[in-house]
Every structure is written in structure tokens, then in C-alpha cells.
Amino acid sequence: MQESAEEKEFRSLAGKIRVGVIEQLRAFGQGHIGGAMSIADTLAVLYGGVMFVDPKNPANPKRDRLVLSKGHAGPALYAALCERGFFPREWLGTLNQGGTHLPSHCDRTKTPGVDVTTGSLGQGASVAAGLALGAKLRGEDYTTYLIVGDGECNEGQVWEAVMFAAHHKLGNLVAFVDWNKQQLDGYTENVMANGSFEEKLRAFGWNAVTVNGHDTAAIFAAITAAKEDTNKPSAIILDTVKGKGAFFAEGVEFNHSMSVSGEQAERAIAEITEAAR
Amino acid sequence: MSYSVLPTEEIKQAKTLMRDAFCGALTAAAEKNPRVTYLDADLASAFGMTPFFKAFPDRAIDCGIQEADMVGVAAGLSLAGQIPFAHSFGCFTTRRAADQVMLSCLYGRANVRLIGSDPGITASHNGGTHMPFEDIGVLRSMPGITILDLTDPVLLADIVAQLSGDKYYGTYYMRFPRKSVSAVYAEGSTFEIGKGNLLREGGDVTLIACGIMVAEAILAAAILEAEGISARVVDMFTIKPVDRELIAESAQKTGCIVTAENHNEVGGLFAAVAETCAALSPVPIEAVGTGDRFGQVGSEGYLKQEYGLTAEEIAAKAKRAVERKG
């Protein structure tokens, strides 16, 4: 099947996001590689064609909101924001340095384009529900997008927010579960088995669908479908690979946070660039 | 700020319950400002908020028994532009949702009003599980938070009105009982967050109190007066940021201080006053508080005696403080 121009654009942006992540982690020497790489394709779809954002006026009240509740994947969001022109590329070299605009976990007071401060897992889910409810109360028509990790779903607060969003019929809320099947201490199946996200979320009153989280066309289609139901929150479970695209992280059990050498970065960037071509 | 204090001989239970004063003030604020929104964690009817739910069904959100989620939702609502007031019992708003207060609200620079009802012994028959002697202490080391122990219905209504507008942005915690408390202020009084209220002048000792202990401090000053000791009385309803100027001035003027709070003195008003005096004007300070203990069931009268939260205890500590001046 012929790849459409839009799909090509998403694939290219996903590649750039992955390269941006590697650049940031190489500059600092280490970082949360696994979850940043697994979510890159979804961020490419969101920032490449779905979300209305305004790099010249990051606080534009009409903008769509993103809550990256798995805040440790900040470098992936920073790379996406950088590609969209929210800040200069040089900033990517400052990850985690004292005084940086790009801290390890997302901070809305530090980074233009970051809507919500996150890092204590589970909390972004409630804040996203509040944003979505606020939009409804105020008659504003932006969409709130929430990204949670599969390990993050160990947190009870996620399920409190899930219950809340269904009860308040937050059809303007779209949540992604980055189902990369790994958490810091190893495979989720061994640490804290999640069971079926689809079944659980449906039981809580959500729409839920599972897609290949590295297939940008499938992600785009799922978002489009999710937005059609304005009476019910929708979840898109992203079947992903933790560390996707970074040869030294993909398939490694303990790839939540890793050191990244110059040589590893160089090879990874070359491979990612080639694959995104 | 323009307040007047009721005469000591008229100190008695206020006609208005604290929860009714809150509901009335928030209802008036919500009528004026469509951004005012109320959240509760399945205690709305116990908190007397049913009229608000009827008046503003869209802006009255019952979150169910989910305090952590409620505080996070409140943060999100504020980032969407609303002014959320979120209530649970004091122990749950603070102790249970501490990380959400810290990160979603404060660190995330949200604009949230948190309410913890039935602080300290006013939790009465709900007992130790529901009796926060630690809520101020849990929050006080969190940067940027404002902590208010609201004295009576007049002060409460004025503060709620002020926090319902655009003058204040940030995270504010208010603690107050649901039931009736002693009336201290005359109707129409107004107050300033961050400024202590000087209720009575005196030269021998300063009694710095908050919440339900303000009325006890006023009564203690009368006891002391009969014994020839002149007591200055301050209502320090803002525990953070505490009025350092007034504390230092009081220390210099009277040479000793007694603090009185319905809370553990560890991390509470005593700590705030002692920290200030240590830095600005060291003087003897005696504390009236619950002590480093858990709560328990009992009538408020029983618990007042059990934990020594009485005018008599304040007066006794005041005499000790005066003696310590040497």
C-alpha cells in the first residue's frame, strides 16, 4: 500500500523525536530512554497533525492540552515541542543541567508548550480530568490528551481519575496507555500484572481500543474515532516496545533509564534517521 | 482590613454554623463569579453544601470518596481557568492527598482552595482516625502554600469572598469546624491574609492563638487581668506566611509569648512563632496545643480538658512565661 504524504510526515517526525531524545540523553549522559522511545510515534501524530498548538503563543486558550502523566518521558515531549518551534534546538543539549528549561520530568513553569507539571505517577490523570471538566464548564472546545504508562497504572489514582472521567462523561478527554510491558523493575507481568487494559477501561465506562503504538496511521485513525464520541472518554491502548528504535535499549529488560554513550548515540541516530527516510 | 472584636463578656457561640457561613459565602461568590467551583469527596451533605449543589449543579462536583483525585481534578480545573474550592475532612484533604497538594497544586502552580473541616478536637466523636492534629504540620513545609485557621463565621465569610476573586493566585488551605464556634468578630469586619489581628493590647505577655483557641485566649486574658497580668492577644489566623512583623513586635513589647492552637505544637503555630522569634527576637515561649499525641473520641468539652485546650491552661502557661522572663 502506498504511504500517504501525511503518514510519511508522521513517520519523519517520529524519527526526529527519537533523534531528539537520543541527543538530549547523550548530552546528559543518561536518562529515561525506554518510555521516551515507546511514545515517540504517538507524540508525532499528536504534534504532527492532531493537536492545535501555537508555538508563538504557547498559552493560547484555544490550544489542545496534553498531559504527559508519565512525566519521565519528558525528553520525547521536548523533542516534539522543539520540532514544532516552541524553543531553540540548543536547549536539547541542556537536559537536566542546573537552570535548564528541560528538566527530567515535565514542568509547565520551565518549558514552553508543556501544559501540566507531572512526575509523581498517577497525578496527571486527575489533572487531565480537571482540564477536560473545566473545558466543559466553560464551553471551550479543546481536547485534552492524556498519556499514562502501563507501569503507571499500578497507581490507584489513575483508576480514581478513570472512574471520575466516565462519571462526568468527559468525551473531550482522550487517554493513551503506553503499553510497553516494562517498568523500572522489569516486565510488568512480573512486577505488577496489569491484566487487560481494554477490558478494565470498558468496565469503567470508557471506549477502549488497542492499536499498534508504532503505526502512526492506526494511531491517527484511533484518535479520529475517539473524538467522535463526545459523551464518553476514550482510551487508546498503545501496543508498544519499550526503547523502540534505540538498538541498545530495545529488548533489554532494564531499559527504563540508561546511560547513553557518544558511540551508542551516533549509531542509534544513524539507524533511526535511515528508518525514517 | 477593618475589624472590631466583640466585648469579652459577650463571647458566646456564634448564631451561624461555620459550614453554613461557608455555604453562604461561597454561594454569594459563585453568583458573582462563574469561575467559582466546588468539589467534595462524598462529604458535601455532611458539610452543609446541599443548597450550593441545588443552586449550581454544574459547578458543584462530587468526586466520590477520592481525595487524591479530587485535589488533582481541582488543580486541572484551575489550569482551565476555574477557581476550585475542594473540601474533605482535614485529615483527608492534607494527610491523604499530601503529594497531590505538593505536586499537582503547588509545584504545578495551580490556583486551588483546599478546605479541611473539623480540625483537631472538633472532629469529636469521629475520633482519632478523623482528628487532624497534624494537618498544618503536613502542609507547612510545602513551599508557597498559605495556611489559614479560620476563627469564626465573620472571618470565614470575608476570607472565602476574598479567595473567590482574582486577587489571590496559588494554593490556600483553610481549616475550620463544621459546627458552631465562639463569635469573636463583629459583623462587617474585614481581614487581610498574612496579617495577624491584634485583638487586645497588653504589656506583660502576648497570647498568640488561632482557630477555636482565639476565644480561649481572650478569656485567658480576662483571667490574667484579674491577677494583675496584662496580656496582649493576637489572632494569627494565617499560620503561613506567618506575620513575622507582628510576632517580633509582640516579643519586643511584652518579652514573652504563649501560643495556643488546636493542633500539635510540633509543626504548628508554636513552631511558626518559635522559628520567627529565634530569628528576630528570642523570648520565652510557652505552648498550648494537643501535644505530640493522637486524637480520640469524646465530646469537644471532654477533649478540651483532655488536651488542655482551655483558657485556664493558657493563663497558667502565661504565668510561667512571665516568670521565665526573670
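**View 1. Thr238(B) sits in a strand.** A strand here is a DSSP run of E residues, at least two long, numbered from the N terminus. Thr238(B) belongs to strand 10 of chain B, residues 238-240. The model is predicted. Thr238(B) has a relative accessible area of 1%, so the residue is buried; the cut-off for buried is under 20%. A polar atom of the Thr238(B) side chain lies 2.9 Å from the backbone nitrogen of Gly194(B). Leaving aside residues up to four places away in sequence, Thr238(B) touches Thr146(B), Ile147(B) and Leu148(B), and also Ile193(B), Gly194(B) and Lys195(B).

**View 2. Chain B has two domains.** Domain 1 of chain B covers 14-176, and domain 2 covers 197-324. Domain 1 of chain B gives 30 residues to the contact, and domain 2 of chain B gives 32. The C-alpha centres of the two domains of chain B are 26 Å apart. The area buried between domain 1 and domain 2 of chain B is about 2200 Å². Carbon and sulfur atoms give 60% of that area. Three residues stand out on the domain 1 side of chain B: Ile121(B), Phe133(B) and Arg140(B). Together they supply 36% of the area that domain 1 of chain B buries against domain 2, more than any other three residues.

**View 3. A salt bridge links the domains of chain B.** The count between domain 1 and domain 2 of chain B is one salt bridge. Arg140(B) forms a salt bridge with Glu275(B). Their closest N and O atoms are 2.7 Å apart. Polar contacts also cross this interface: 17 residue pairs are found between domain 1 and domain 2 of chain B, both residues at pLDDT 80 or more. On the domain 1 side of chain B, the elements giving two or more residues are helix 6 (135-140), strand 5 (146-149) and helix 7 (153-163). By class, that side of domain 1 of chain B has 13 nonpolar, 12 polar and five charged residues.

**View 4. Chain B meets chain A.** The contact takes 28 residues from chain B and 26 from chain A. The two chains, B and A, bury about 2000 Å² between them. Carbon and sulfur atoms account for 57% of this area.

**View 5. Helix 3 of chain B faces chain A.** Three elements of chain B each supply at least two residues to the side that touches chain A: strand 2 (60-62), helix 3 (67-79) and helix 5 (98-107). Helix 3 of chain B gives the largest share, nine residues. The side of chain B that touches chain A divides into 12 nonpolar, nine polar and seven charged residues.

**View 6. Thr42(A) lies in a helix.** The helix is helix 3 of chain A, residues 40-50. Thr42(A) is at 0% relative accessibility, so the residue counts as buried. Not counting residues up to four places away in sequence, Thr42(A) touches Phe176(A), Gly213(A), Ile219(A) and Leu238(A). Ala14(A) is 28 residues from Thr42(A) in sequence. In space, the two residues Thr42(A) and Ala14(A) are 8.1 Å apart, C-alpha to C-alpha.

Notes. Residues are numbered from 1 along each chain as its sequence is written. Chains are lettered from A and ligands numbered from 1 in the order in which they are written. This is a predicted model: local features need pLDDT of at least 70, side-chain atom pairs count only at pLDDT 80 or more; totals for chains, interfaces and linings use all residues. Side-chain values use heavy atoms; hydrogens and water are left out. Domain bounds come from an automatic or database domain assignment. Contact means heavy atoms within 4.5 Å. Buried area is the accessible area (1.4 Å probe) that two parts lose on being put together, summed over both. A salt bridge is a side-chain nitrogen of Lys or Arg within 4 Å of a carboxyl oxygen of Asp or Glu. A polar contact is a pair of N or O atoms within 3.5 Å; within protein, one must be able to donate a hydrogen and the other to accept it, and residues adjacent in sequence count only if both atoms are side-chain atoms. Helices (H or I, at least four residues) and strands (E, at least two) are DSSP runs, numbered from the N terminus. Ala, Val, Leu, Ile, Met, Phe, Trp, Tyr, Cys and Pro count as nonpolar, Asp, Glu, Lys and Arg as charged, and the others, Gly among them, as polar. Buried means under 20% relative accessible area, exposed over 50%, partly exposed in between (1.4 Å probe, protein chains only).
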